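Student: Please walk me through one part of this chain in close-up. Give me the overall layout before you zoom in.

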Amino acid sequence: MFRDRGYTASTLRDIAAASGMKAGSVYYHFASKDEILEEILDQGLREIYDGVRAVIDSDAGVDYRAKIAAAIHAHLSLLLAHSEYTSANIRNYGQLPEAIRERHRPLRRLYAKLWDTLLSDAQQAGQLREDIKIVPLRRFLLGALNWTVEWFNVERHSVDALADRCASLVLDGMGTGRTSGEPLQPVSQKSERNNIQNIR
């Protein structure tokens, strides 16, 4: 309900009904709606942190292109397909009272640091451009990935395909490399498939 309706529109009575409980029974488990949401926020962020960290740590090599692509896949998979807690976290965090957000900032900073370290290591290894600043890059990347929860339809499209395209866009850019006036060369489906396979 927090994911689909948002925090304000989700009442304790509705939550209890969806859970097959009487409204008063909710208070046996949680003191308030705020307490339920705080548990969801914590669970959602821990799931995405653990998931992304696992794929980064699973490969001890120095192919940071593959690591970044895998991290993008893990983030989007948890956000869109496998964790209602994570998507509820993303959708509701900015609407919450400051006191609640403050309690969850340490874990959010830890997740940001995970990405900062990954991107910084890639840059030091010569696999990211030296003129790119890491923190703005991470903010742009996570902001773009998180926003997909507002427009992507998992019932109509593949999350894996979305992750492939996002990784390709981030790692290869959107420009063609041609100068103004030069004709744009079409990309064949075979070439596109090869590019996607190369980032896995």
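Tutor: From the N terminus on, the elements run α-α-α-α-α-α-α-α-α. That makes nine helices and zero strands. Helices (H or I, at least four residues) and strands (E, at least two) are DSSP runs, numbered from the N terminus. The model is predicted, so to speak of local features requires pLDDT of at least 70, side-chain atom pairs count only at pLDDT 80 or more, and totals for chains, interfaces and linings use all residues. Residues are numbered from 1 along each chain as its sequence is written, and side-chain values use heavy atoms, with hydrogens and water left out.

Of the 200 residues in the chain, 38% are buried. Buried means under 20% relative accessible area, exposed over 50%, and partly exposed in between (1.4 Å probe, protein chains only). Contact means heavy atoms within 4.5 Å. Among contacts with a separation of 6 or more, 67% join residues 24 or more positions apart.

Now the close-up: helix α7, residues 134-147. At 1.5 Å a residue, its 14 residues should span 20 Å, and its end C-alpha atoms are 20 Å apart, which agrees. The expected span is 1.5 Å times one less than the number of residues.

Which residues of α7 are buried? They are I134, L137, R138, L141, L142, L145 and N146. Seen down the axis of α7, these residues fall within an arc of 150 degrees, so they line one face of the helix. The arc is that of the directions from the helix axis to the C-beta atoms. On the other side of α7, R139, F140 and W147 are exposed.

What does the buried face meet? The buried residues of α7 pack against α4, α5 (84-92), α6 (98-124) and α8 (159-172).

Take α4 (residues 64-82). It packs with α7 at an angle of about 35 degrees, with their axes 10 Å apart. Axes are lines fitted to C-alpha atoms, for helices over the stretch in contact, and angles run from 0 to 180 degrees between N-to-C directions. The contact is made by I72, H75, L76 and L79 of α4 and L141, L142, L145 and N146 of α7. By class, six are nonpolar, two polar and none charged. Ala, Val, Leu, Ile, Met, Phe, Trp, Tyr, Cys and Pro count as nonpolar, Asp, Glu, Lys and Arg as charged, and the others, Gly among them, as polar.

One more link. Q123 sits in helix α6. Q123 is buried, with a relative accessible area of 19%. Leaving aside neighbours within four places in sequence, the contacts of Q123 include I134.
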